[in-house]
Amino acid sequence: MQPKIVDSSPSAAARTTTWTSQRSSWGENDGSACGSDSLLTSSTASLQPPQEKLRRSGPGLLIFPGQAQGHQHNPNGSSGSKTVATANDGNVAINQQGPARSIRSFRRPPLWQRPPMDSGEGQEKRVLDRENPGHSRSACLAKAQAFVIEFLQGSSMHGFIYLAKLGLNFVERMLWFAFICVALFSIISLSKRTWHRFQTSPMVISMDRNKLFWNTSFPSLTVCPHKRIDELKVEEYILAHPEQFLSEEDQEDFRDFIVKLASLTYDNLETLPLNKSYGIPSVKYLDLLYELKWPFEPEISSGAAVKMFIYETQTEFGICHSVNSLVARYNSFDYWRSGDWSLLDHGDRVTVHPLDGEIYAQIINLSTAYDVYFHGAGDVPSISKQRYTFPESDYTTVELIALEIFTNEEARATKQRSCRFNYEAEEMLTVPIYSFGLCLSECRMFFALQVCGCIPHFYRNLRGYIHIFGTQMRNGRRLPVCGLEGIGCLVKIKREIISLKSDKYKINCNCLANCDDSNFFVQSYRSRVWFLGANLQWGISSGAYPKMQLRRDVLFSFADVLVYIGGLVGFFLGCSALSFTEIIYYFTARFVRRMFFN
C-alpha cells in the first residue's frame with residue numbers, strides 16, 4: 001500500500017504544472033518511470049506518473065539491483081530543482097530543471113570502452129583531432145595498451161597473467177617476464193634441434209633376417225671388350241679419305257689414334273696422341289667410333305626363369321655391353337642419336353630365391369680379353385668401382401654375395417629420406433631416369449664443362465637450356481665436345497674429375513643413393529684355359545644367398561616433430577594449439593573490432 005502525502009501549500013498548483021510538463025517530456029523521450037513500489041518525496045508523491053516499461057537508452061547499460069541512492073543537483077542554489085530517488089531495482093535520477101532527458105542507469109565501463117558522446121561532442125572531438133594529431137595518437141595508444149592488458153589477464157598461457165595482474169610491483173613483473181623469456185628460449189632452441197634432426201636424419205636402416213620371405217636380385221654386370229676397332233673398317237676409311245693420309249706414317253699414326261680414342265677413359269687420357277687430328281672434328285668422334293667398331297656379339301644363357309638380355313651401352317669406359325640392367329638402354333647410341341626422352345619398357349628385374357638353388361648365367365663367344373664391372377640392376381658401372389680383367393683364352397666362373405637394401409612404402413612420401421627412386425629424375429639432364437651412377441656421370445660431365453669449356457665425347461651431347469656450376473647454355477645449342485686441346489685440359493684435372501673433390505673448384509653433385517639398390521661382392525672366382533675362347537659364368541651359389549636384408553624405415557616423421565614441439569610448448573608454457581588460435585583471434589578480429597568498430 002502506497003503512502004499518500006497531501007500538500008495544501010499555495011505552491012501546489014505550480015508543482016502540478018511542473019509535473020505535467022515533466023511527464024510530457026518523458027513521453028517524448030520514450031523514458032520509463034520507476035516501479036510501483038517506488039518511494040516518492042513529500043512534494044511529488046501525489047503526482048506519481050503511470051507505470052511504464054523501463055528501457056535502456058544507451059548501448060551496453062546495466063542496472064545494478066538492490067541499491068538506492070539519493071542525488072540532488074542544484075548548481076544555482078534555487079529551490080525549484082529537486083531530485084526524486086527511488087528504492088526499487090534501479091538507480092534513477094530525475095532532474096526537473098533544464099532539458100528533458102531519459103532515465104539512465106549507471107555502470108562502470110571496461111577499460112577499452114569510451115563513454116558515448118552526442119553529436120556535438122563528436123564534432124568537437126574531430127575538430128580537436130585535426131588541430132592536435134598527437135591527441136588522436138595518444139588515444140589509440142591508450143586503447144591498444146588497454147587491449148594488451150585485457151589479453152594478458154585472460155590468456156590461457158601460464159605466467160602471462162602476472163605481467164598485468166594488479167597488486168604486483170615492478171620487480172615481480174620483471175621476474176615473471178624473465179621466466180617467460182627463458183621458457184621461450186628453451187622452446188625455440190630445442191625445436192630447432194628437432195627440426196634439424198627431421199631434415200637430416202629422419203630415416204633408420206634396420207636388418208631383416210626373414211630370408212625366405214623375399215627375393216634376391218640376380219647380379220648385373222657390364223662387359224667392356226678390349227678390342228673395339230675393326231681393322232678392315234679402318235683400312236676402308238683410310239682409302240676413302242686419301243687427302244688426310246699422305247704417307248704411311250700418317251696411316252699408322254691414325255690407326256694408333258683411333259684405337260686409343262675408342263678405349264679412352266679418365267684413367268688413360270694422357271695416352272692419346274695430341275699432335276694431329278687427321279681432319280676429324282671433335283663432334284664426330286663418337287659417330288666415327290661406332291662406324292669403325294668391332295662387331296662384338298656375345299651370346300647369353302641362364303638358368304633363371306626369366307630370360308635375360310644383353311644391351312649395348314655407352315659408358316665412361318667406351319662401348320660396352322650390360323646384362324640384366326634397367327638403365328643400360330638409356331645410354332645406347334641409337335637412343336641418343338634419335339633424341340628420344342621416353343621411358344623404355346625393361347620388364348621386371350631378374351630375381352632368385354634360396355629355394356631355387358644355384359643359379360648361374362653365362363656369356364659365351366667373347367673372343368677377346370675384357371673388363372667386368374658387377375653392379376645392381378638399377379645402376380651403371382662407375383670409374384670408382386672395382387673392375388676385373390680376364391684374358392681371352394680362359395673360362396672364368398665368378399661367385400658373388402648379394403647385399404640388398406630396399407625402402408618401405410611409408411618412406412616414399414618423405415623427402416628427407418636421403419635416397420631417390422628411379423622415377424625421381426627431375427634434375428637429370430641426359431636421361432629420363434635416375435640412377436646414382438648416372439648422376440655421378442653427369443656431375444663429371446658438367447665439371448669438365450665448367451673447367452675446360454667442353455665435354456668428353458663419350459657423354460650424351462644434349463640440346464636445351466641448362467644452368468650447371470654457373471655455366472649457362474642457350475636453348476637449342478649443342479655442348480662443345482673436347483678436341484685435342486680440350487683433352488689436354490682434362491689431363492690436368494683428371495684426378496679431381498674421378499674423385500669429384502677439389503680444393504680449387506666448387507663441386508656440388510647432389511647425388512643420392514638409390515632407394516632400392518643391390519650391392520654385389522665377389523666371393524671367389526676361378527679360371528681355366530678353354531679352347532673355345534673366352535667364356536664368363538657368374539651367379540649366386542646355394543651357400544652365398546644373403547642371410548639378411550637392409551630395410552630403410554621412417555624413424556622420425558613430421559607427425560613426431562609436431563608431437564615433440566607440442567610437448568615442449570605444453571611443458572614450458574602450459575598451452576596447446578587452441579592457445580595459439582586464441583592469440584591469432586585476439587590480435588586479428590578482436591583487435592580490429594576494439595580499435596576501429598567499438
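Q: Before we start, what do buried, exposed and partly exposed stand for here?
A: Buried is under 20% relative accessible area, exposed is over 50%, and partly exposed is in between (1.4 Å probe, protein chains only). This is a predicted model, where local features need pLDDT of at least 70, side-chain atom pairs count only at pLDDT 80 or more, and totals for chains, interfaces and linings use all residues. Residues are numbered from 1 along each chain as its sequence is written, and side-chain values use heavy atoms, with hydrogens and water left out.

Q: OK, L573. Buried or exposed?
A: L573 is buried, because its relative accessible area is 4%.

Q: Which helix is L573 in?
A: L573 sits in helix α12. Helices here are DSSP runs (H or I, at least four residues), strands are E runs of at least two, and both are numbered from the N terminus.

Q: And what does L573 touch, neighbours within four places aside?
A: M157, H158, F160, A183, L184 and I187. Contact means heavy atoms within 4.5 Å. H158 is 415 residues away from L573 along the chain, yet their C-alpha atoms are separated by 5.4 Å.

Q: How do α4 and α12 pack?
A: The angle between α4 and α12 (residues 558-573) is about 170°, and their axes are 10 Å apart. So α4 is roughly antiparallel to α12. The axes are lines fitted to C-alpha atoms, for helices over the stretch in contact, and angles run from 0 to 180 degrees between N-to-C directions. Under 35 degrees counts as roughly parallel, over 145 as roughly antiparallel, 65 to 115 as roughly perpendicular, and the rest as oblique.

Q: Which residues meet there?
A: On the α4 side they include A183, L184, I187, L190 and W195, and on the α12 side they include F558, Y564, L568, F572 and L573.

Q: Where's F177, and what surface patch is it part of?
A: F177 is in helix α4, which covers residues 170-200. F170, V171, M174 and F177 make a nonpolar surface patch of about 440 Å². F177 counts as partly exposed because its relative accessibility is 42%. Patches take residues with over 30% relative accessible area and no salt bridge, joining like charges within 9 Å and nonpolar side chains (Val, Leu, Ile, Met, Phe, Trp, Tyr) within 5 Å. Accessible areas come from the Shrake-Rupley method with a 1.4 Å probe, and for residues only the protein chains shown count as cover.

Q: Switching topic: how many salt bridges?
A: The count is 17. A salt bridge is a side-chain nitrogen of Lys or Arg within 4 Å of a carboxyl oxygen of Asp or Glu.

Q: What does D250 pair with?
A: D250 pairs with K276, at 3.4 Å from N to O. D250 is in helix α6 (residues 248-262) and K276 is in the loop between α6 and α7 (285-291), 26 residues apart. D250 is buried at 15%, while K276 is partly exposed at 32%.

Q: And E312?
A: The side chains of E312 and K293 meet in a salt bridge, 2.6 Å from N to O. E312 is in strand β5 (residues 310-315) and K293 is in the loop between α7 and β4 (299-302), so the pair ties together parts 19 residues apart in sequence.

Q: Last one: where is S220, and is S220 buried or exposed?
A: S220 lies in strand β3 (residues 220-225) and is buried, with a relative accessible area of 0%. Not counting residues up to four places away in sequence, its contacts include V323, Y373, H375 and F520.
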